[in-house]
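Hi there,

Here is the structure I promised to pass on. Have a look at it, and then read my notes below.

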Amino acid sequence: MSRVAELLNTLFVGDRERGRLYHRIFVVSAFGGITNLLLEHKKSGQPGVYARFANGDDDHGWLDALTEVGRAMAEAHGDILAHPGDRGMADEFVRERIEGARSCLFDLQRLCSYGHFRLSDHMLVIRELLSGLGEAHSAFVTTLLLQRAGVNARFIDLSGWRDEAEHTLSERIAAGLDDVDLSSEMPIVTGYAQCTEGLMREFDRGYSEVTFARIAAHTGAKEAIIHKEFHLSSADPRLVGEEAVRKLGHTNYDVADQLSNLGMEAIHPKAAKTLRQADVALRVTNAFDPGDPGTLIDDQPTDSPSVEIVTGLKVVALELFEQDMVGVKGYDAAILEALKRHNVWIVSKTSNANTITHYVHASLKLVRRVARDLEEIYPSARVSARTLSVVSPIGRDLTGLKVLSRGLAALEEAGIEVIAAHQTPRSVDVQFVLAATDMETGITALHRVLIEGDATHLPRKAA
């Protein structure tokens, strides 16, 4: 979204005239970095407004953070909007939203100073309110940009700002869009939608794609298109090289689910489900390559087996060894309950007679809390946690390709020790468990052999 001005003459307008400009709805996320400032940094965990307010040590922390959000928003739209009148309107929009949020947080603090009210009861609502500021800002600025270019764009704010009524997600979308004339208006819609279901409760920061999918289903769209900064490719081009990657072009929701499981989300699984059930085709394109059709994702099988993509994820291996486990039921259920209680994402799992290992996507600190819970339940068990990585070749059909054996050979040739390997009978993916430091080299080696077909130029693990 921070590069939206570059897309004005390609994605939004291009060579389209009159009616061809319309019959499209754009669902937008916040400008780059804004949600991190509002909530917390997605990767580093550095606290934003929400995290500082939740800690509640002093007012100055979250107040200063909220002021910084306003400054960052103004800087973002200042780089996009060329006309001073538009910049003035955007400045006023930011001021009104930031001051409104500031007043809301102050009022909540005062309310919770009385014993009958608990701040913790309202934190999810605060998280949603703050997050919605980012999408509302980017949608408003994009609308101004398009209107200045002669497009009849319309700002559709689903964030529920100052709305006293309660709506389900379907009702919120209907209220926002049902009086829009798609033949002559271009709706620019906030990715966050305030609703009784509470999008962040289930999806946290993945809510934009859920809103996007529900809008596509509501309108009976011909296609739902996700515009990214890159093509959906056979691997990260920064790892294997721009010249080596291949655009997928066509894949299915099964592959998309495997990617999501490994943190490389083409689309959120719940959003994909909505599109599948509504019979709406999904396409992922490179927004900065407007002439390319991108990758179509549907429910169709492939004509011929192939490895389509190689990806990887840093994980923590939670291993419970209990000599007396053989033939005893209940260990699995107890481990799953502990993981669920701490809200830990499970990537994969293996087991044998006396050992159960879960590969999870979480911090080592959090997994150690799970381990302590399990040690209390099973005092004679040995529970351990260590950081590893899962590297996985994925395809709609891997039948007959010998991905497991060829992959093991490629990793050995690259000097990488395989800690574990796993393949299911469905033949859509193979998972290799490696040391965390070997993940990138492992992806490159597997891509060379399984996708490029080159076993002579494998990377070597650093000595």
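How much space lies in the second largest pocket? About 640 Å³. This is a predicted model, where local features need pLDDT of at least 70 and side-chain atom pairs count only at pLDDT 80 or more, while totals for chains, interfaces and linings use all residues. Residues are numbered from 1 along each chain as its sequence is written, and side-chain values use heavy atoms, without hydrogens and water.

A pocket is an open set of points on a 1 Å grid over the protein atoms alone, where a 1.4 Å probe fits, with protein on both sides within 12 Å along at least five of seven lines; lining residues have an atom within 4 Å of a point. Its volume is the space filled by probe spheres set on the points, which are joined across faces, edges and corners.

The second largest pocket is lined by 23 residues, and Val125, Leu129, Gly160, Asp163 and Gln194 are the closest to its centre. Helix α6 (123–148) gives at least two lining residues, as does α5 (84–111); helices here are DSSP runs (H or I, at least four residues), numbered from the N terminus. The largest share, 6 residues, is from α6. By class, the lining has 9 nonpolar, 7 polar and 7 charged residues (Ala, Val, Leu, Ile, Met, Phe, Trp, Tyr, Cys and Pro are nonpolar, Asp, Glu, Lys and Arg charged, and the others, Gly among them, polar).

Now for a helix pair. Ala334, Ile335, Ala338, Leu339 and Arg341 in α13 meet Val370, Asp373 and Leu374 in α14, with contact meaning heavy atoms within 4.5 Å. This contact has 6 nonpolar, no polar and 2 charged residues.

Best wishes
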